[in-house]
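Let's take a friendly walk through this model together. Please have the sequence and the 3D view open as we go.

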Amino acid sequence: MAQAVSTRGPVSGTATAGKKRRKLFLLDLYSTAVGKKYAMALSGIALMGFVLVHMIGNLKVYLGAEEINHYGEFLRELLVPLAPRTVVLWVMRLGLIGAVALHVHAAYSLTQLNRHARSVKYQSARDYQVANFASRTMRWTGIIVLLFLFFHLADLTWGWFNPDFVRGDVYYNLDASLSRLDQYKSNSVFARNQLGLEESALTSVIDNLQRVRELTPEDHRRLVDQAMNEMKQAHEQR
Ligand code: HEM
C-alpha cells in the first residue's frame, strides 16, 4: 500500500539561500588583476590614438591660420544638424576623460594589489627580466603627462595662463603661447647680462678697496678690511 510521503524541507539553510547576484561581466572581469591589466592596455592604446590624431590635426598649423581654425570649427560642428553643435565633440571628450580615469584607477588598484600580495618587501634589488627603464618609470611619467595636460588645457583651451587668449582662435592662441617662449628667452638673456654687469661692478669695487687699503696708514686699515670682507662675501654669495 502506498504511503503518503510528506515533502521534506531543506537539509540546511544554505540550500535555500537566494542565488548570489552575479556582477556584470565587465565589472567582474575588472575586479581581477588580469581585467585591470586589460583595462590599462586598452585605455592606454586609446590615449595614444588620441595623441596621434591630435598631432595630425595640429600639423594643420603649418597650412596657416585659416586651415587650423577651420579644423577647430569642423570638430565643434561634427554631425550638425543631425546633432546639436559641440555634442559629438563632448561625447569624444567624455570618452577621453573616461579613458584617463580608467587608466589612472587601474594603475592605482594594480599597485595596491601588488603591495598587498606581499607582506614582506623584497629584500634585495629586483632582478627585472622584461621591464625596461621606460616601463618602470611610467608612474612618474604618467604624473608628468597629467601635469602637462593641466597646463596645456589652462593655456590653450581655458586661456587661464594666456593673457592674450581669444576663444575659438586656435592659431592666434598657439602663436601667443609660443611667443611667450621668446619673451622668456629674451628675459633670461637680459637677466644674465644684468648679472654680468653687477659682477664686474663688484669686482671693480673690490679692486678699488684694495688700492684704498694700500694707501691707508697701518692703524686705520681695520675699517677698510671690514668693507672688503663684506664685498667679498657678497661676491661669493652670488
Ligand atoms: C606640440 C604639441 C601640442 C600642441 C601644439 C597642441 C595644441 C593643442 C591645441 C591648439 C588645442 C586646442 C585648444 C582649443 O582650441 O580648445 C589642444 C587641445 C588639447 N590637447 Fe593638445 N597640443 C599638443 C600636445 C598635446 C599632447 C601631447 C596631449 C596629450 C597628452 C594633448 C592633449 C590635448 C587635449 C586633451 C586637448 C583638449 C581637446 C578638446 O578640447 O577637446 N595635446 N592642443
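A word on confidence comes first: pLDDT is the predictor's own confidence in each residue, on a scale from 0 to 100. We need it here because this is a predicted model. Averaged over the chain, pLDDT is 89, and 92% of the residues score at least 70. Among the elements of the chain, helix 2 has the highest mean pLDDT, at 97, while helix 8 (residues 221-237) has the lowest, at 83. Where pLDDT is low, the predicted coordinates should not be read in detail.

Next, step back to the overall layout. The chain is divided into domain 1, made of 25-117 + 133-183, and domain 2, covering 185-237. Taken over C-alpha atoms, the centres of domain 1 and domain 2 are 53 Å apart.

Now turn to helix 2 and its partner, helix 4 (residues 87-117). Their axes lie 8 Å apart, and the two helices pack at an angle of about 145 degrees. The crossing of helix 2 past helix 4 is left-handed. Helix 2 brings residues including Ala39, Met40, Leu47 and Phe50 to the contact, and helix 4 brings residues including Leu96, Val100, His103 and Leu110. Sorted by class, this contact of helix 2 with helix 4 has 14 nonpolar, 4 polar and 2 charged residues.

Finally, what surrounds the ligand? The shell has 13 residues, and the closest are Asn58, Arg93, Leu156, Thr157 and Val170. Two or more residues come from each of helix 2 (33-58), helix 6 (138-156) and helix 7 (170-215). Helix 6 gives the most, with 5 residues. By class, the shell around the ligand has 7 nonpolar, 5 polar and 1 charged residues.

Technical notes
Residues are numbered from 1 along each chain as its sequence is written. This is a predicted model: local features need pLDDT of at least 70, side-chain atom pairs count only at pLDDT 80 or more; totals for chains, interfaces and linings use all residues. A residue is near a molecule or strand if its C-beta atom, placed from the backbone, lies within 6 Å of it. Helices (H or I, at least four residues) and strands (E, at least two) are DSSP runs, numbered from the N terminus. Ala, Val, Leu, Ile, Met, Phe, Trp, Tyr, Cys and Pro count as nonpolar, Asp, Glu, Lys and Arg as charged, and the others, Gly among them, as polar. Domain bounds come from an automatic or database domain assignment. Axes are lines fitted to C-alpha atoms, for helices over the stretch in contact, and angles run from 0 to 180 degrees between N-to-C directions. A crossing is left-handed if the near helix is turned anticlockwise from the far one by less than a right angle, and right-handed if clockwise. Two residues are in contact if their C-beta atoms, placed from the backbone, lie within 7 Å.
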